[in-house]
Number of protein chains: 4
Amino acid sequence: MKKIEEFLESISFDKRLYKYDIQGSIAHAKMLTKCKIITDSEGKRIVKALKEIEKEIKTGKFKFNLSLEDIHTHIEKRLIEKIGDIGAKLHTARSRNDQVSLDMRLFLRDEIKEIAKLIRNLQKSILKVAERNIDAIMPGYTHLQHAQPILFSHWIMTYFFMLDRDWERLLNTFDRVNVSPLGAAALAGTSYPTDREYTARLLDFSKVVQSSMDAVSDRDFIIEFLADASLIMMHLSRLSEELILFSSKEFGFIELADPFTTGSSIMPQKRNPDVCELIRGKTGRVYGNLMSLLTTMKSLPLAYNRDMQEDKIPLFGTVDTLKGSLSLYAKMLDTVKIDKKKMLASLEGDFSMATDLADYLVRKGLPFRKAHQIVSKLVKETIKKKKDLDDLTLKEFKTYSKLFGRDVFDTIKVKAGIAARKSLGGTAKESVKRLIAQGKEIVRKA
Amino acid sequence: MKKIEEFLESISFDKRLYKYDIQGSIAHAKMLTKCKIITDSEGKRIVKALKEIEKEIKTGKFKFNLSLEDIHTHIEKRLIEKIGDIGAKLHTARSRNDQVSLDMRLFLRDEIKEIAKLIRNLQKSILKVAERNIDAIMPGYTHLQHAQPILFSHWIMTYFFMLDRDWERLLNTFDRVNVSPLGAAALAGTSYPTDREYTARLLDFSKVVQSSMDAVSDRDFIIEFLADASLIMMHLSRLSEELILFSSKEFGFIELADPFTTGSSIMPQKRNPDVCELIRGKTGRVYGNLMSLLTTMKSLPLAYNRDMQEDKIPLFGTVDTLKGSLSLYAKMLDTVKIDKKKMLASLEGDFSMATDLADYLVRKGLPFRKAHQIVSKLVKETIKKKKDLDDLTLKEFKTYSKLFGRDVFDTIKVKAGIAARKSLGGTAKESVKRLIAQGKEIVRKA
Amino acid sequence: MKKIEEFLESISFDKRLYKYDIQGSIAHAKMLTKCKIITDSEGKRIVKALKEIEKEIKTGKFKFNLSLEDIHTHIEKRLIEKIGDIGAKLHTARSRNDQVSLDMRLFLRDEIKEIAKLIRNLQKSILKVAERNIDAIMPGYTHLQHAQPILFSHWIMTYFFMLDRDWERLLNTFDRVNVSPLGAAALAGTSYPTDREYTARLLDFSKVVQSSMDAVSDRDFIIEFLADASLIMMHLSRLSEELILFSSKEFGFIELADPFTTGSSIMPQKRNPDVCELIRGKTGRVYGNLMSLLTTMKSLPLAYNRDMQEDKIPLFGTVDTLKGSLSLYAKMLDTVKIDKKKMLASLEGDFSMATDLADYLVRKGLPFRKAHQIVSKLVKETIKKKKDLDDLTLKEFKTYSKLFGRDVFDTIKVKAGIAARKSLGGTAKESVKRLIAQGKEIVRKA
Amino acid sequence: MKKIEEFLESISFDKRLYKYDIQGSIAHAKMLTKCKIITDSEGKRIVKALKEIEKEIKTGKFKFNLSLEDIHTHIEKRLIEKIGDIGAKLHTARSRNDQVSLDMRLFLRDEIKEIAKLIRNLQKSILKVAERNIDAIMPGYTHLQHAQPILFSHWIMTYFFMLDRDWERLLNTFDRVNVSPLGAAALAGTSYPTDREYTARLLDFSKVVQSSMDAVSDRDFIIEFLADASLIMMHLSRLSEELILFSSKEFGFIELADPFTTGSSIMPQKRNPDVCELIRGKTGRVYGNLMSLLTTMKSLPLAYNRDMQEDKIPLFGTVDTLKGSLSLYAKMLDTVKIDKKKMLASLEGDFSMATDLADYLVRKGLPFRKAHQIVSKLVKETIKKKKDLDDLTLKEFKTYSKLFGRDVFDTIKVKAGIAARKSLGGTAKESVKRLIAQGKEIVRKA
């Protein structure tokens with residue numbers, strides 16, 4: 001029945017695994033040769049034919065056919081077409097079950113390496129934009145309300161460290177992906193005298209999946225990657241949200257370069273941050289992919305079940321989304337323009353120096369809580385008078401506390417507030433420079 | 001307005017953090033003393049009072065009050081009640097934002113250690129049940145259809161290795177939890193001459209969160225744990241599904257001990273596997289918790305936002321579910337009974353030795369694919385005759401291939417099939433024993 | 001084993017169903033009487049005792065006990081304590097399986113009614129704030145960029161209609177909740193001559209669940225409600241996001257009343273929109289609850305399985321979140337203050353009248369696309385000159401097109417632009433008034 | 001930049017909307033004509049050209065181009081190519097924002113109708129298989145343990161009623177999809193004298209979206225459909241789980257027809273239920289799609305944001321999955337074979353008649369609870385003696401209660417037990433026949 005074939009087929013999406021399928025088959029053939037399960041010349045003919053098939057696919061000469069279900073069948077069938085009975089020996093001592101897990105691991109291994117590189121690239125772009133704008137001052141927000149002035153470079157470096165955790169997590173995941181299932185056969189191992197560690201070495205795996213049952217029934221490595229990916233997208237969604245805010249007319253802190261925005265024919269001044277929005281939107285898709293495979297694997301009895309074919313679309317979609325989002329982001333940050341004046345101006349009249357004023361009184365000897373009470377009263381009444389801290393005279397300050405001296409005027413300067421926060425990881429320029437230096441060390445290593 | 005208070009409060013659930021809040025505050029007080037931000041005697045009085053408060057809470061003498069919002073406020077207020085202005089100094093150079101992240105990390109650190117231990121315990125129970133039943137034979141399933149005979153010990157050891165990945169993942173996560181945010185203050189660091197590395201050492205953290213902005217806006221460590229937890233529950237849901245199946249009348253492979261089943265007053269023979277079912281059901285809750293926090297954190301601008309209070313219920317619920325599920329599971333496996341006869345009997349007439357028959361012919365020199373064709377024909381016709389492989393005579397075998405000899409009768413014995421799969425991780429007793437030995441080595445180390 | 005009991009118990013959370021459990025039991029007792037399965041006097045004694053138990057629970061005199069598993073057992077046990085063997089007859093012709101489904105439906109029925117009312121209340125608050133500020137002008141955004149000026153009342157009425165769909169959906173769901181499962185017994189119905197339609201009538205159900213198997217294995221009605229709830233929270237998250245934005249210093253469009261914001265002791269001017277943030281954050285929890293039950297029910301064989309006990313926590317949590325969020329929202333909108341001046345001022349220099357300028361040329365006879373080209377050029381060059389549309393002279397306009405006349409100055413007034421958009425549902429005052437009138441009609445009816 | 005274009009494009013997947021885009025554009029052109037915004041002959045030329053374009057696409061002559069972003073641009077550009085400036089007038093008084101919402105609604109409207117039909121077809125298949133096997137007896141399960149004997153037809157009819165709720169829900173959703181957003185323009189309506197109700201009528205919508213802001217910022221109708229779809233898949237996952245169980249060797253209740261199973265070359269007897277498994281697996285994908293769009297829409301400010309482009313892939317994927325799953329399921333049930341003997345045989349020795357035995361004693365006058373105690377004792381002791389209920393003599397029965405008479409032997413017959421459960425919706429043949437009759441009435445109507 002045609003319709004059932006169509007429903008079951010995976011060739012329309014798993015053909016992108018062809019390179020890995022051939023790579024795995026070559027290793028398997030070499031192992032069969034080494035273990036004398038096939039002869040030397042058989043092994044060589046298989047390897048040669050597989051390489052030819054790879055070329056056929058790469059150059060678009062290979063014919064795909066929906067009725068041949070998946071990429072494994074396509075390649076094996078072509079192999080037999082080419083070299084007959086010898087080709088039919090390739091599948092000795094393995095099964096579709098270990099083969100598909102192998103292909104997925106080989107694929108994901110490459111993609112994780114690529115994604116890790118893209119993360120490092122984005123981190124480098126962050127370092128550059130932080131350094132370029134090391135002195136730019138902006139409001140620091142909590143609850144989207146002005147809390148304390150901070151350095152723009154401090155703000156953007158936060159994302160550097162988020163991404164660094166992402167990078168670490170990917171590397172942890174890599175270790176669990178980089179394990180060879182080949183040779184597990186259908187589920188119970190095989191009676192042929194195989195050498196699973198040899199194929200693992202040939203394919204650059206760090207070890208083999210110990211239990212053959214585990215090898216064919218496990219998709220943890222994909223789910224774990226999807227969870228890593230969800231965190232990456234969550235981080236990018238936060239950055240996107242902020243870039244969209246910051247490039248709104250009301251904030252006006254940044255301007256994204258033309259290629260990353262779209263306008264409308266009628267409103268050429270409009271700079272819609274489409275790339276940021278789309279990345280923020282795609283966060284949903286990646287979360288959905290994670291939920292998808294978690295659901296699929298829930299309650300599945302051992303060992304292989306056809307449900308597990310549903311691992312591919314979510315994985316492929318996630319890989320593509322991540323790679324696109326990360327690489328565009330690096331370019332976007334490389335070209336973003338900062339409006340330092342607007343950022344600084346937005347701090348006017350926001351009383352975000354109140355904390356510093358209280359700390360001033362504490363340093364003059366007042367207990368912490370008392371200092372807070374005094375400053376709170378001062379701020380409230382100043383707001384009522386429609387004034388800013390800068391507008392107050394020393395006399396006015398002194399009506400709140402005798403401890404106020406002429407040096408209070410230095411204290412309430414935004415730059416002073418920033419410079420004062422020299423604690424480890426704080427917003428003082430020297431602290432941020434330390435963060436940037438650490439960052440450079442990190443990206444240098446990998 | 002009463003209702004708003006109720007909506008915003010977290011004390012009803014965050015009071016379970018009290019121990020960690022006090023632990024963190026003591027470290028903070030000691031740092032303030034060391035850095036001469038408060039005096040020695042102030043520091044000592046604060047620490048003493050905090051320890052008294054801990055005792056008050058532990059012994060149930062502490063009064064909680066919904067209008068005091070959260071555990072941090074409760075403890076600070078009580079501190080000031082006890083020692084006045086000195087107590088008010090404790091909050092110098094920190095903020096609720098770094099404090100709450102600290103408490104959550106201290107809490108989660110302990111819980112991860114506990115959960116890791118429970119995983120090891122469950123792994124030990126698996127090793128025991130595997131060893132106790134090392135020889136028991138059962139059908140190996142793919143697609144819930146009999147594929148090849150396997151050892152029961154091989155089957156259950158699959159879960160050992162799943163759990164081992166869970167354990168590893170938890171340890172990776174632990175490294176990212178075990179980092180001190182204390183001293184980040186509201187978001188920008190502080191102007192007091194603090195020593196963040198000192199508090200980190202006091203609290204046994206391996207390092208400090210570098211950026212103060214990152215310290216207060218990050219909840220990755222919780223999400224990562226929830227993802228780990230989802231994988232653990234997914235594994236337990238698979239095992240539960242199989243135990244439920246295996247204890248059905250139709251399978252009848254195992255019998256769960258009385259305390260893990262419930263009957264009905266009218267059907268005393270009924271052994272409902274309620275514990276397995278509930279654990280399988282709770283998988284949904286843990287997945288939901290993961291999705292919950294991923295959603296909450298999506299698109300949140302820096303730094304702290306009140307949305308982040310929603311990290312607690314999902315985390316606490318997940319921790320409780322995991323601990324309950326893992327510890328009950330260990331006991332359940334310790335007491336499960338295996339019906340070896342039924343497991344073996346179920347293999348009758350299932351032709352699960354067909355693969356071995358084909359391998360036999362290959363060993364006799366037939367090409368792999370040809371061997372498959374012959375056996376396929378043989379099996380089909382034998383089924384049509386309503387016979388089993390055992391019922392065939394040598395003469396009958398020979399009508400399919402001259403290569404069949406008297407030794408074919410040994411080949412098609414279930415035990416022979418199992419013994420033959422000696423490949424690394426295969427189902428042969430010696431392979432499974434190797435898996436068990438590895439397992440013992442693993443649990444011995446940690 | 002104590003621990004297993006604790007793991008399996010539901011009394012700690014299902015006791016909130018007590019009212020419904022008793023209500024259902026009374027109906028069941030009356031049916032047993034009517035159908036002569038128990039005697040009249042037995043029926044009366046049961047009903048009387050059940051009412052006493054209800055009172056005991058309501059007044060806090062009832063003793064709960066973790067080892068008695070659930071609310072059904074508690075009540076039945078107490079009934080037997082009170083009236084002996086007669087009490088033991090209550091459970092004739094029913095089972096825990098239909099009873100728990102009944103309780104959940106009775107509970108949810110009441111809660112949906114309550115939530116529907118709260119939606120209507122919030123819609124009324126929207127109508128009021130829209131009417132109060134009918135003329136206030138603000139920027140209309142797409143991509144968070146100024147697109148065209150709109151009326152504030154137009155903007156807020158969008159949420160009216162979102163909520164109206166929510167209300168409709170809840171009512172659709174209600175129809176599927178409001179169906180009686182009582183009398184399905186364990187799964188197969190009963191051999192007693194019961195009258196399921198009689199109990200359905202007594203309990204005000206619109207019909208009975210037809211199949212007894214369906215009655216005990218279905219949790220669709222809860223999942224459907226959780227999906228409705230997710231959409232409601234999604235809507236509130238969008239409104240919250242906008243209110244948070246609009247109350248930021250940069251926008252400054254609105255001011256939330258004091259009780260809905262929190263400050264900090266040191267920064268009294270800070271108005272953190274905590275209620276909005278928490279509601280936005282709780283969206284995650286409700287989504288998670290939906291995902292939780294969907295996962296739990298996936299692949300469950302018929303009929304009842306213990307997994308289904310996991311329906312309660314997600315449902316109860318969702319109901320509480322919805323009710324809290326909706327009722328606080330109504331009050332928040334009743335007290336919000338609009339800064340009309342700031343909203344209007346933000347339109348300055350944003351060229352959001354460009355569309356109107358093009359439409360002007362089209363009305364003067366220019367083809368649509370040509371008009372767009374001209375206005376695009378005009379806007380670009382005006383921006384380059386750092387001017388606004390208002391700054392242009394007629395002569396300057398005419399350099400772009402001879403068609404510009406003196407009336408162009410009226411066209412580019414913000415008010416004119418708004419007034420012009422009279423299309424059905426557009427932003428012209430008369431259109432918005434029509435929306436408000438429709439809204440009033442809608443809330444009047446229900 | 002090529003890469004950005006690729007990232008932003010949607011033409012690779014939204015081209016499947018072409019028919020609806022053209023349908024909507026034709027209606028819009030007719031409205032512009034009617035309202036004299038364009039001339040009669042302009043209107044006619046536009047409509048004619050649009051129909052030609054439709055043909056070009058249908059016949060594969062149309063050239064798609066990744067750099068032209070989406071289907072709307074493709075069609076408009078081609079229109080202008082064909083008829084120049086007149087074509088450029090089509091976009092008057094509308095925008096991409098209302099256009100894309102329109103296309104999605106037109107698409108989904110058709111697909112819901114199609115899916116509703118497929119549900120009805122599957123329901124018909126259920127009715128047929130129920131009628132064909134009206135008398136077949138099988139164990140009724142709770143907790144996957146035998147509870148009471150039921151009719152196979154009773155069991156399968158449960159799914160009929162689940163699907164009926166699905167059908168109803170889809171129809172409720174349809175009402176909210178079937179509303180016209182056309183004419184909302186970018187977000188604020190338009191100054192042209194349009195007639196939105198006219199286009200709604202032309203396109204067979206039941207009403208128009210009242211608020212223009214709502215029209216362009218709403219994706220509820222898609223999320224609601226995805227929630228409906230998740231419930232449908234949940235139901236199919238339950239049925240799949242049961243069919244997989246029932247076709248296992250251990251159960252052996254059913255046999256799926258060849259095209260719905262796959263074997264392996266070596267094990268021709270293996271009947272892997274791949275279609276059931278894949279449908280069960282795809283449940284994850286549909287859940288993921290729901291979660292995906294819920295996440296994407298969370299916290300989005302009004303009105304249109306580019307994030308919303310992410311509605312398409314999840315919707316299209318869900319529609320395809322649903323249609324494939326539902327139509328294959330109908331065929332699968334039409335061809336499934338029931339092994340009545342095995343189902344009946346599996347009831348042997350399961351004591352699933354215990355309930356009937358207790359009911360017998362109650363009818364003889366014993367109080368319910370006492371009857372239960374006696375039967376419980378009887379069953380326990382009979383199991384201990386390794387006997388079945390059938391093996392007991394009247395004398396033996398009488399040792400438990402004098403009330404046992406000769407008629408007890410009729411009571412404990414499986415068929416008697418089934419026949420006795422005549423309550424509404426119960427498992428007695430007459431009750432099930434009533435369910436089937438209701439079912440026929442339901443599918444007859446729609």
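The model is predicted: local features need pLDDT of at least 70, side-chain atom pairs count only at pLDDT 80 or more, and totals for chains, interfaces and linings use all residues. Residues are numbered from 1 along each chain as its sequence is written, chains are lettered from A in the order in which they are written, and side-chain values use heavy atoms, with hydrogens and water left out.

**Chain B with chain C**

- Contact (heavy atoms within 4.5 Å) links 38 residues of chain B with 38 residues of chain C.
- The two chains bury about 3600 Å² between them, 66% of it on carbon and sulfur atoms. Buried area is the accessible area (1.4 Å probe) that two parts lose on being put together, summed over both.
- In chain B, the residues that lose the most area to chain C are Phe7(B), Leu278(B) and Glu310(B), together 20% of what that side buries.
- The rule finds eight salt bridges across this interface. A salt bridge is a side-chain nitrogen of Lys or Arg within 4 Å of a carboxyl oxygen of Asp or Glu.
- Glu310(B) forms a salt bridge with Lys282(C), at 3.0 Å from N to O.
- On the side of chain B that touches chain C, α1 (2-8), α12 (274-297) and α13 (312-335) each supply at least two residues. Helices are DSSP runs (H or I, at least four residues), numbered from the N terminus.
- The largest share of that side, 16 residues, comes from α12(B).

**Chain D with chain C: symmetry**

- A rotation of 180° with 0.0 Å of shift along its axis superposes chain D on chain C (RMSD 0.0 Å). This is the relation of a two-fold axis.
- Ala227(D) has the C-alpha nearest the axis in chain D, 3.2 Å from it.
- Copies are superposed by least squares on the C-alpha atoms of residues with pLDDT of at least 70 in both.
- The copies meet through the same surface, because 100% of the interface residues of chain D are also interface residues in chain C.

**Chain D with chain C: contact**

- Chain D gives 91 residues to the contact and chain C gives 93 residues.
- Together they bury about 7800 Å², 58% of it on carbon and sulfur atoms.
- Arg238(D), Leu302(D) and Leu424(D) supply 9% of the area that chain D buries against chain C, more than any other three residues.
- Twelve salt bridges cross this interface by the rule.
- In one salt bridge, the closest N and O atoms of Arg169(D) and Glu224(C) are 2.6 Å apart.
- Helix α11 (residues 220-246) of chain D gives the most to the side that touches chain C, with twelve residues.
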